[in-house]
Amino acid sequence: MLILAATPIGNLGDASSRLIETLEQAKVIAAEDTRSLLKLANHLNIKLSAELISLHEHNEMQKLDRLVEIAKASDLVLVSDAGMPTISDPGFLLVRACSEAGVEIQVVPGPSAVISALAVSGLATDRFCFEGFLPRKSGERKKVFQVLASETRTMVFFESPHRILESLTDAAEVFGPTRKASVSRELTKKFEETKRGTLSELQEWAKDQKGEMVLVIAGAAPKVWDIDELVDQVLKLKTDGLGLKQAVSTIAKQYGASSSELYDQALKRQ
């Protein structure tokens, strides 16, 4: 069995009794950094008897076969330095390989920077998307934001403290300076703080900040289109020579409308 075990993202008091029991009883633990795991175990007064295997982004592929065989024969515990393994941390390849090999996979849930920052952001939580770490270069960041320009779900990103101002600046350029957002830093730690406001307001705040950052940006307001006007455009394209399905697809993509609804309404109007 493969057991994904979430570790504290800052405050060690968030370590569950189940996590402690899992680590204490483990025979083999794959850890993103074995030194970090040993430090955590020491702080939690856990006596580890497990074999420790280093598993990080640079060696995960090379160690897959061995780890899958271990998980087939007995329990293998997987931990990252903080939070849930596989979420912008190593482990995805191992989970996929174990799944394909028919190995049972369980989870010991725990703290999540993504969910924590979203929950305290004051932004919509009913629908959201997690986009991981933002690119280091401004041009690449802007491309990411541009792809998400019409995204209506709340968006969550990881960012480093020395790039948060640049990322907020790029976000304001693409999404507009008045788009609502929040930045959470040092979540669950002594100096935890969440700043909420517009992207423009957050730029001022971010000029001298430290600590791990989670950026949460409100989604775009859903666009409301007059279906009759869109059908008019579909039928015009059809008159100009496009097939009905192609005309519907063109207008649906352009306006983010439902292609099935457009097609049904266009058929009625023909």
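**Notes on the predicted model**

1. Let me start with Arg35, which counts as exposed because its relative accessibility is 64%, and exposed here means over 50%. Please keep in mind that this is a predicted model. The side chain of Arg35 forms a salt bridge with that of Asp33, at 3.1 Å from N to O. A search of the whole structure gives 13 salt bridges, and a few others come up below.

2. Helix H2, residues 34–43, gives the most to the lining, with three residues. The count of cavities of 30 Å³ or more comes to one.

3. Next, a look at Arg141. Is Arg141 buried or exposed? With a relative accessible area of 1%, Arg141 is buried, since the limit for that label is under 20%. Arg141 sits in helix H6, which covers residues 138–147. The side chains of Arg141 and Ser167 are joined by a polar contact of 3.4 Å.

4. Which residues does Arg141 touch, leaving aside those up to four places away in sequence? They are Leu134, Pro135, Arg136, Glu159, Arg163, Glu166, Ser167 and Asp170. Two of these neighbours, Arg163 and Glu159, have side chains that meet in a salt bridge of 3.4 Å, N to O. Arg163 counts as buried at 10% relative accessibility, and Glu159 is buried too, with a relative accessible area of 1%.

5. For contrast, here is a pair with another setting. The side chains of Lys236 and Asp240 meet in a salt bridge of 3.2 Å, N to O. Lys236 counts as exposed at 52% relative accessibility, and Asp240 counts as exposed at 55%. Elsewhere, salt bridges with shared partners tie Arg141, Glu166 and Asp170 into one network.

6. Now to the strands. Why is strand S8, residues 180–185, described as largely enclosed by the rest of the structure? The reason is that five of its six residues are buried. S8 runs antiparallel to strand S9, residues 193–198, and six bridges join the two. Within that pairing, Ala181 has Gly197 in S9 as its bridge partner.

7. S8 is also paired with strand S10, residues 213–217, through five bridges, and these two run antiparallel as well. Here the bridge partner of Ser182 is Val216 in S10.

8. Last, the largest pocket. The space in it comes to about 600 Å³. The lining has 23 residues, and those closest to the centre are Ile9, Ala82, Ala113, Phe158 and Glu212. Which elements each supply at least two residues of this lining? They are helix H5 (113–120), strand S7 (154–159) and S10.

Notes. Residues numbered from 1 in each chain as written. Predicted model: local features only at pLDDT ≥ 70, side-chain atom pairs only at ≥ 80, totals over all residues. Heavy atoms only, no water. Helix = DSSP H or I, 4+ residues; strand = E, 2+ residues; numbered from the N terminus. Buried < 20%, exposed > 50% of the residue type's maximum accessible area, 1.4 Å probe, protein only. Polar contact = N/O pair within 3.5 Å; in protein donor to acceptor, adjacent residues only side chain to side chain. Contact = heavy atoms within 4.5 Å. Pairing = 2+ DSSP bridges. Salt bridge = Lys/Arg side-chain N within 4 Å of Asp/Glu carboxyl O. 1 Å grid on protein atoms, 1.4 Å probe; cavity = no way out; pocket = protein on both sides within 12 Å on 5 of 7 lines; lining within 4 Å. Points joined across faces, edges and corners; volume = space filled by probe spheres on them.
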